[in-house]
Amino acid sequence: MALEFTVTERPDRVSDEDRAAILANPGFGNHFTDHMVRITWDSEAGWHDAEVGAYRPFQLDPAAAVLHYAQEIFEGMKAYRHADGSVWTFRPEANAARFARSATRLALPVLPEEDFIQSLKEIVALDKVWVPDAANGGEESLYLRPYMFASEAFLGVRPAKQVTYSVIASPAGAYFGGGGVKPVDLWISTDYARAGEGGTGGAKCGGNYASSLAGQLEGIAQGCQQAVFLDSSTHTYIEELGGMNLFLVYQDGRIVTPELTGTILEGVTRSSILSLAKDLGLSPEERRIPIQEWKDAAASGELSEVFACGTAAVVTPVGELRWDGGSCDHRREGHVDEVATKIRSTLLDIQYGRVEDTHGWLTQLA
Ligand code: COI
């Protein structure tokens, strides 16, 4: 049976003036709305005490299992305001299904899809004024962050018997700041892997992001913004960036992304791009991609574009690829990221209701 939410609207909301100042330049992940969702699970009562109320800190026991053993998962989604003021989200069933798979992998309880989607509707109902108006072709949205963690105070290593689910919301502009769509340069991480076979790489859990940070730091030290991780057993095949999936576009119309091997996140944007690529007359391929193929195809000129994708970053072109002792760049004189730009605008047009949603990907939240 679906959960009933207790709704408590806070009297002390951020003022209209302060909110307008935040929405004028939200950045990414800096500001949070007035409310949040909380639901509790325990091994005896199951899911209960579903509420939407004031955004406030958790009171966590220092022995809460998540702080010690990282039993935690999350999702990343966006709420988009359409021209008529209504608010929509993109493929929430796909996020709910992935959240359930991540929960199973991390030995957390599964939140039913209807409760997951209702929790998004509940927070947006109270915080609709926080959904930016993305007029003038901008990409502002309200980033929704559902997450679940082991809140039981217990230091033995076993699945927690008390768990908290929550949703917070954050008005968001471009993930990579600085205005406009700028290419990111990537560093090939060879000292660090993000995930290994049989591990949690396919789950959206905080631990995967923590394990990507040392590689990212190494990339930053080399003048890049992000690191590209290779498979941990052979250090040969491209996996992902840690927070984004990758696509290589060839001159002959092939658009190739690493196949899902269990160590790569099953990106919702990734799977949507595979569908859109067909609509755009491209030939999508999912397969293992040796990192050497990227270097060779960039050198021969066969590679026309590389881009990264994810909910937060949408579609971001990749500039240079660097590694210990070398670098390559597929961009020639007068280069334009034609396919990345087309896919990005097609995706945004669907998300903002500017074109017909022929795939049935949108769900109205408010
Ligand atoms: C997203 O694209 O939503 C992500 O989860 C990536 C990152 C912000 C963690």
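Mentor: Domain 1 and domain 2 bury about 1,600 Å² between them, with 56% of it on carbon and sulfur atoms; buried area is the accessible area (1.4 Å probe) that two parts lose on being put together, summed over both. In domain 1, the residues that lose the most area to domain 2 are Phe74, Arg98 and Arg105, together 34% of what that side buries. This is a predicted model, in which local features need pLDDT of at least 70, side-chain atom pairs count only at pLDDT 80 or more, and totals for chains, interfaces and linings use all residues. Residues are numbered from 1 along each chain as its sequence is written, and side-chain values use heavy atoms, with hydrogens and water left out.

The protein chain is divided into domain 1 (6-174) and domain 2 (184-348), with bounds from an automatic or database domain assignment. Their centres, taken over C-alpha atoms, are 27 Å apart. In contact (heavy atoms within 4.5 Å) are 19 residues of domain 1 and 20 residues of domain 2.

Two salt bridges cross the interface, each a side-chain nitrogen of Lys or Arg within 4 Å of a carboxyl oxygen of Asp or Glu. Glu266 also forms a salt bridge with Arg101, where the closest N and O atoms are 2.7 Å apart.

On the side of domain 1 that touches domain 2, strand S4 (72-74), strand S5 (77-81) and helix H3 (92-105) each supply at least two residues; helices (H or I, at least four residues) and strands (E, at least two) are DSSP runs, numbered from the N terminus. H3 gives the largest share of that side, six residues.
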